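Please give me a short briefing on this protein structure.

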Amino acid sequence: MLILNKTAGVFSKPSRRKPYEFLRSFNFYPGKLFLHKLVLGIETSCDDTAAAVVDETGNVLGEAIHSQTEVHLKTGGIVPPVAQQLHRENIQRIVQEAVSASKVSPSELSAIATTVKPGLALSLGVGLSFSLQLVHQLKKPFIPIHHMEAHALTIRLLNKVEFPFLVLLISGGHCLLALVRGVSDFLLLGKSLDIAPGDMLDKVARRLSLIKHPECSTMSGGKAIEHLAKQGNKLHFDIKPPMQRAKNCDFSFSGLQHVTDKIIMQKEKEEGIQKGQILSSAAHIAAAVQHTIACHIAKRTHGAILFCKQRHLLSQSNAVLVVSGGVASNLYIRKALEIVTSATKCTLLCPPPRLCTDNGIMIAWNGIERLRAGVGVLHNTEGIRYEPKCPLGVDISEEVGEAAIKVPRLKMEI
Ligand code: KG4
Ligand code: ZN
């Protein structure tokens, strides 16, 4: 049984309990010697409570995750105090499960890494205070993690990808294109000027009431759109990609969402149904929206690749594009990106879906990367705060726009 619990102050002021009380809650495996560095990663930035223990070579020794998706689907979006409460209820169990599964005793950990930015303040707070207690109890170094940096570096746990490489991160809360030059050395080439693609897909799915669709009721918005789109005709509606004349690598999705809302309203009128009922044309709308998003993301990424090659920021012959984040698990969008990477002679790499969405493994791996590089490993956590907003790297998106890269038109036959 874990000693740490809500009433023991894990979530408020640091506990005065002694380390051995916490350690007692784990099984020990005496005699087993870990030669590699071991990091416990903890993620609570949004709506997943996740933890994992990963070693230096990329072995995942133990992991656990509690997803809040079903709860938030019912409330029609993430309600931060609800997310906070669910993190509070689950963090202890999830961390214990991950550590127990790893068969590592907490004393063998080299460090604890936790997402501290960016994300929902109330959610980040739970992970940070829990982690700081652990850090103090176990007397381990602490590695604060940038959630998007972790998404970007996940690929290096799986593949031998050298710096520099280009990364496209597309999720429910983020949308960015960046050049990764080192573990904590990023150039931001482009970002969404409004909402993220996952957020847009979630809103469209909600507006289409896909939660009531028998095949989609437990799926996230984006997954539901991908599923339904397979049954629809993308040419049924002509939805134009946004920012067609913009010369930069920025993105926009809210205009697309409004256009889709209008189509849905029109169709509801035509089909004589109320808001909240499922349209007979829902699959066509899903297919058209998914196609437009895929084309938009592909075009902006194409521009970023050409910019990097023109400036010799990426290898001419051996460039790598990594795509990650929840939306990267969408196979249609991946195919659109494959068209771009084959036209530009790049290698496209995507982590498997379970590592594209939020997880503890990516946080632990980012901890390993930072430990190996010797950057951002704290032995004193005084003054450490979470940061709900935090850009990734140095923003050169204006320079990208000024370069006005001409992006050749590609046939998007997906
Ligand atoms: O990375 P993630 O788990 O959380 C953050 O936003 O950081 O991404 C979740 C987002 C949600 O908006 C969800 O609708 C979207 O990823 N998503 C998808 C798919 N699976 C999840 N979007 C498109 N296609 C999918 N298959
Ligand atoms: Zn994420």
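**Briefing: sheet, cores, domains and buried residues**

Six strands make up an open sheet of mixed pairing, in the order E10-E9-E6-E7-E8-E11. Strand E10 (347–349) and strand E11 (394–395) stand at the edges with a single partner strand each, so one side of each has no neighbour in the sheet. This is a predicted model: local features need pLDDT of at least 70, side-chain atom pairs count only at pLDDT 80 or more, and totals for chains, interfaces and linings use all residues. Residues are numbered from 1 along each chain as its sequence is written, chains are lettered from A and ligands numbered from 1 in the order in which they are written, and side-chain values use heavy atoms, leaving out hydrogens and water.

**The sheet and its helix**

- Helices (H or I, at least four residues) and strands (E, at least two) are DSSP runs, numbered from the N terminus.
- Two strands pair if DSSP finds at least two bridges between them.
- Strands of a sheet pair through backbone hydrogen bonds, either parallel or antiparallel.
- Strand E6 (residues 165–170) pairs with strand E9 (residues 320–324) in the parallel sense, over four bridges.
- In this pair, Leu 166 stands opposite Leu 321 in E9.
- Helix H11 (residues 331–343) lies across E6, E9 and E10, and runs at about 160° to E10. Axes are lines fitted to C-alpha atoms, for helices over the stretch in contact, and angles run from 0 to 180 degrees between N-to-C directions.

**Domains**

- The domain assignment gives domain 1 (38–158 + 357–373) and domain 2 (165–350 + 394–403). Such bounds come from an automatic or database domain assignment.
- The centres of the two domains, taken over C-alpha atoms, are 27 Å apart.
- Contact joins 17 residues of domain 1 to 21 residues of domain 2. Contact means heavy atoms within 4.5 Å.

**Nonpolar cores**

- A nonpolar core is a set of buried Ala, Val, Leu, Ile, Met, Phe, Trp, Tyr and Cys residues joined through side-chain atoms within 4.5 Å. Buried means under 20% relative accessible area, exposed over 50%, and partly exposed in between (1.4 Å probe, protein chains only).
- The largest core has 65 residues, and those touching the most other members include Leu 168, Phe 253 and Ile 293. Helix H10 (residues 282–310) gives the largest share, 16 residues.
- Beyond its neighbours within four places in sequence, Ile 293 contacts Pro 197, Met 200, Leu 201, Phe 253, Leu 256 and Ile 333.
- A second, separate core has 24 residues, among them Ile 94, Val 99, Leu 128 and Val 135.

**Helix H7**

- Buried residues in helix H7 (residues 197–207) include Pro 197, Met 200, Leu 201 and Val 204.
- Their cover includes E6, helix H8 (221–229) and H10.
- Just after H7, Ser 209 has a positive phi of about 55°.

**Buried polar side chains**

- Glu 43 is found in strand E1 (residues 38–43). Glu 43 is buried, at a relative accessible area of 0%.
- A polar contact of 2.6 Å joins the side chains of Glu 43 and Thr 115. A polar contact is a pair of N or O atoms within 3.5 Å; within protein, one must be able to donate a hydrogen and the other to accept it, and residues adjacent in sequence count only if both atoms are side-chain atoms.
- His 87 belongs to helix H3 (residues 80–102). His 87 is buried too, with a relative accessible area of 0%.
- The side chains of His 87 and Thr 49 make a polar contact (2.8 Å).
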